[in-house]
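Here is a short report on a ligand site and the domains around it. Please look at the model first.

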Amino acid sequence: MTAHPLTNTSVTVDDPHIRRNRNGHPILPGGYGRSAYHVGTTPRYAVRGEGWRLWDDTGRELIDANGNFTTLIHGNAHPKITEAAERAIRQGASWGIPNLPEWDLADAMIARLPGLDQVRFTNSGTEAVMSAVRLARAVTGRDGVIMTKDGYHGTSDLALLTSGPSRGVPASLADDTALVPVNDIHALRTVFDRHPSKFAALILDLLPNKAGLIRLTPEFVTEARALASEHGTLLIIDEVISLRLAPNGFIGEYNIVPDLLTAGKVIGGGFAIGALVGREEYMEELNCWVPGSLAHSGTFSGNPVSTAAGAVALQLLTPEEIARINALGDDARASANAALEPSGWEVRGYGSLLRPFPVGARKVDTERQNRLWQASYERGIVLSSANLVALSTPMDAEVVTDLTERLVDAVQSVVNDPEGRR
Ligand SMILES: Cc1ncc(COP(=O)(O)O)c(C=O)c1O
């Protein structure tokens, strides 16, 4: 037990596995390598994964519905992806001159994203969004950015402002941002009416998880496209999660072409990656043959392990496989919702992404969210810390039925124990 230096409250990190510094504190702050692991309980450690299965350090077999936060669309250690990564590692892991797998992955992405011409790789979705914003600011000569309230675009200073002021982020940054509630066309028009030439970029996630996993309406997206064009603002669609949902990205389902698109997660086959994809007229800003082009680099950007693994992952993500796991998701939602109807909860989402919420709610309080994560783990399924379920291609109907039954049982246990007394 140690006193937290800022709040003076006591925090307990009592896992005997946690290694400590000489003052007795965990070497990793809070005991974690990243905050997203936190689910309000002493964590177990992942030790091995294969397909949809994951084993923790107690030897327990689990259904991996987290998939490293939607990344592992082909499950754990897919043989073909592993082989591609292994080959790349044996050839040198990363180099300081260009490599060929970059081209393979860029080709695969451009083939999926009609209307977009060029790709620049980053190490994460966060960096891709940061680069997209810088590019939009350079193109337009403006600073302002519009985002949806409670959207999530990573952990850059700017992106954190979607949920309001954030400690550690300069308050002045908020002067350049406007937040619009999801699907609120009137609010979006008002922002543009008030400041017609302020905004460099409008960033949208078509299925914002943090804002309730409700997809943007086609009317909202069409209006957003029109307003952005009319006001000289670049439309950035953030497909870091949603790219998995349709053969041409989720934009394909809306029939719109953004000016810039950000990607990550599935495009790296499980390895660190992000990408900025865009129309040539804008991406040309990154053309270093042109004097005055924008600075963009990153020691590991476009590294051959991530790009070789990612190119195979996209090859395996055929329209048929996307349709199959989306249909499994639709069936799971339908059966979960039939079972959960009396409980006042529902399972929401689109295709292969599902998440339980109290009916009509956009958020679940952290305490209940943590309890649902724990109840699910007790029943042998690993969710994301926000309770998002991501199906993967190694799953079949039998696995997804099993997963759904366990999830429903976990939700019911949380509903039947509202105070968390157990
Ligand atoms: C829509 C969206 N954008 C950006 C990001 C940031 O990506 P990364 O975690 O790779 O930095 C995420 C991560 O979950 C995301 O969901």
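A polar contact is a pair of N or O atoms within 3.5 Å; within protein, one must be able to donate a hydrogen and the other to accept it, and residues adjacent in sequence count only if both atoms are side-chain atoms. The model is predicted: local features need pLDDT of at least 70, side-chain atom pairs count only at pLDDT 80 or more, and totals for chains, interfaces and linings use all residues. Residues are numbered from 1 along each chain as its sequence is written, and side-chain values use heavy atoms, with hydrogens and water left out.

| Residue and its atom | Ligand atom | Distance |
|---|---|---|
| Thr126, polar side-chain atom | oxygen | 2.6 Å |
| Gly125, polar backbone atom | oxygen | 2.8 Å |
| Asp238, side-chain N or O atom | nitrogen | 2.6 Å |

Alone, the ligand exposes 390 Å², and the protein buries 83% of that (accessible areas by Shrake-Rupley, 1.4 Å probe).

The shell (a heavy atom within 4 Å of the ligand) includes Ser124, Tyr152, His153 and Lys265. Its residues divide into three nonpolar, five polar and three charged. Gly counts as polar here, Tyr as nonpolar.

The chain has two assigned domains. Domain 1 covers 27-76 + 318-415, and domain 2 covers 79-316. These bounds come from an automatic or database assignment. The C-alpha centres of the two domains lie 25 Å apart. Their contact (heavy atoms within 4.5 Å) takes 26 residues from domain 1 and 25 residues from domain 2.
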